[in-house]
Amino acid sequence: MFGGAVEPRRRGPLGKGGVASIYNTFAKHPRLLGIDRIFMSQSLAPDTFGLPKSAGAPAQPRRGAQDHRPVVWWLFAMCALIALMVSVGGATRLTDSGLSITEWKPIVGAIPPLSQETWLAEFEKYKQIPEYAEVNAGMSLGAFKEIYWWEWGHRFLGRVIGLAFAIPFFVFVVTGRVRGALRWQLLGLFLLGGAQGALGWYMVKSGLTERVDVSQYRLAAHLGLAIALFALMLVRALTLRRTYTARVSDAAPPFGRQSTLARAWVFAGLLTGGIYLQIILGAFVAGLRAGHSYNTWPLMGGRFFPEAYFDGAPRFAALFETFAAVQFNHRMMAYLLFAAALVFAWRLRKTAMAKPALIFASLVSAQAVLGIITLLTYTPIGLGLAHQLGALLVLSTGIWMTERAYFFSQFVRLQGVTGARSSSMSTMGGTMTPELAV
């Protein structure tokens, strides 16, 4: 443009060509993925960050900005409740309790059986479904009560979560703490929560007539929507929190490789998406109880690729309908994520993202080891639940890491420390760096 000079092509953090081209395209044009709207709750003007005049001073909110601290802590509490809900749902699955309540009564169903007559009536309803006849024939009333309480607790917790969201949301709207686009976003999350309850019943219905268990497809959809709600709430909490935690400090770690750091959020987002996909693959393992088969590692039935992977016609559905297939898929995705997390941490080791990337890689590694131990011990309830909660922890860390990386990339861009501006800023004696709250 000026004198016909051509800027040399830079090598991206993933290397040349192939994936790197896609990676760099999304990094340069975040609107292609809509991530600029997801991870930044305010416009990216310099005063969004509230940069102070003196180093180390806390960020000042923009004029007219809302104090979102109560909303942020409420959203964090909702994330904790959803994590508890997922854990109770996992226990319900592992204890074979999910079909013990054969009706869906959103209001009156909140009241459990309180007399011997009502308990016997519920037990008689359970005796009408195939699971009782083919799996639990002869079950005592006491044993039925044990599985009933798990399913009732799972459903009751769903009702508690609905109220814990609706009441504070109403208060925040009335008091003006939540307004504009944020109000509609949170209302959308509430409606998704209602859809999650309906989807749960749709899942249960699949096991009441012709099956002795629920459909693994519906179970994966039910879990997937729950995890999506958890992730969306966490993202919103983190972006709102960013509006009052950004600060500048001379003591903050140096940016390091600026070209790598400016695009690291793309790969961090891909890794986090991979964790979500891995959770869905795990739902298929749980849905088919595939964790009770092929309890060896690293081989499956003495082979790397199990012979029974395609039991039946080799079609797409077979990928999710055999024990061998769903477990092999889950294993391969785990290996891929483990390797990718280590590469990511290595690439960012000399940047301001070194610590988050290392934390993420460590958690992915620990989760992989826990998964192997769970498999080798035939999936006991305690380890199964720990593995499930570990997946939520890894996903949460990935979301935090992606949001943090995106903030760094925007700060780098706003301060002009990428591309042609890097040399001029270094000549001036350094750049300002953000100290982000952990």
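Guide: This is a predicted model. Start with a network of salt bridges that links Arg93, Asp96, Asp213 and Arg289.

Visitor: How many salt bridges does the rule give?

Guide: The count comes to 10 salt bridges.

Visitor: Why is the contact between Lys105 and Glu103 called a salt bridge?

Guide: The closest N and O atoms of Lys105 and Glu103 are 3.3 Å apart. The cut-off is 4 Å, so the pair qualifies.

Visitor: What makes Glu103 and Lys125 a salt bridge?

Guide: Their closest N and O atoms are 2.9 Å apart. That is within 4 Å, so the label holds.

Visitor: Which parts does the pair of Glu103 and Lys125 tie together?

Guide: Glu103 lies in the loop between helix 3 (69-94) and helix 4 (116-126), and Lys125 lies in helix 4, so the pair ties together parts that are 22 residues apart in sequence.

Visitor: Why is Glu103 called partly exposed?

Guide: Glu103 has 31% relative accessibility. Lys125, at 28%, counts as partly exposed. Lys105, at 38%, does as well.

Visitor: How do you know that Arg303 and Glu307 form a salt bridge?

Guide: The N to O value for Arg303 and Glu307 is 3.8 Å. It is within 4 Å, so they pass.

Visitor: Is Glu307 buried or exposed?

Guide: Glu307 has 67% relative accessibility; exposed means over 50%, so Glu307 is exposed. Arg303 has 40% and counts as partly exposed.

Visitor: On to the rings. How many aromatic pairs are there?

Guide: The count is 26 aromatic pairs.

Visitor: What makes Tyr126 and Tyr132 a pair, and of which kind?

Guide: Their ring centres are 5.9 Å apart, within the 6.5 Å limit, so they pair. Their planes stand at 75 degrees, over 60, so the pair is edge-to-face. Tyr126 and Tyr132 are both buried.

Visitor: Why is the pair of Phe267 and Phe344 called edge-to-face?

Guide: The planes of Phe267 and Phe344 are 75 degrees apart, which is over 60, so the term applies. Centre to centre, the value is 5.3 Å. Phe267 is in helix 9 (residues 258-288) and Phe344 in helix 10 (residues 323-347), 77 residues apart. Both are buried.

Visitor: How do you know that Lys127 sits over the ring of Phe123?

Guide: The charged end of Lys127 is 4.6 Å from the ring centre of Phe123, and the limit is 6 Å. For Arg218 over the ring of Tyr202, the value is 3.7 Å.

Notes: Residues are numbered from 1 along each chain as its sequence is written. This is a predicted model: local features need pLDDT of at least 70, side-chain atom pairs count only at pLDDT 80 or more; totals for chains, interfaces and linings use all residues. Side-chain values use heavy atoms; hydrogens and water are left out. A salt bridge is a side-chain nitrogen of Lys or Arg within 4 Å of a carboxyl oxygen of Asp or Glu. Buried means under 20% relative accessible area, exposed over 50%, partly exposed in between (1.4 Å probe, protein chains only). Helices (H or I, at least four residues) and strands (E, at least two) are DSSP runs, numbered from the N terminus. Rings of Phe, Tyr and Trp (its six-membered ring) pair if their centres lie within 6.5 Å; planes under 30 degrees apart count as stacked, over 60 as edge-to-face and the rest as tilted. A charge sits over a ring if NZ of Lys or CZ of Arg is within 6 Å of the ring centre and within 35 degrees of the ring normal.
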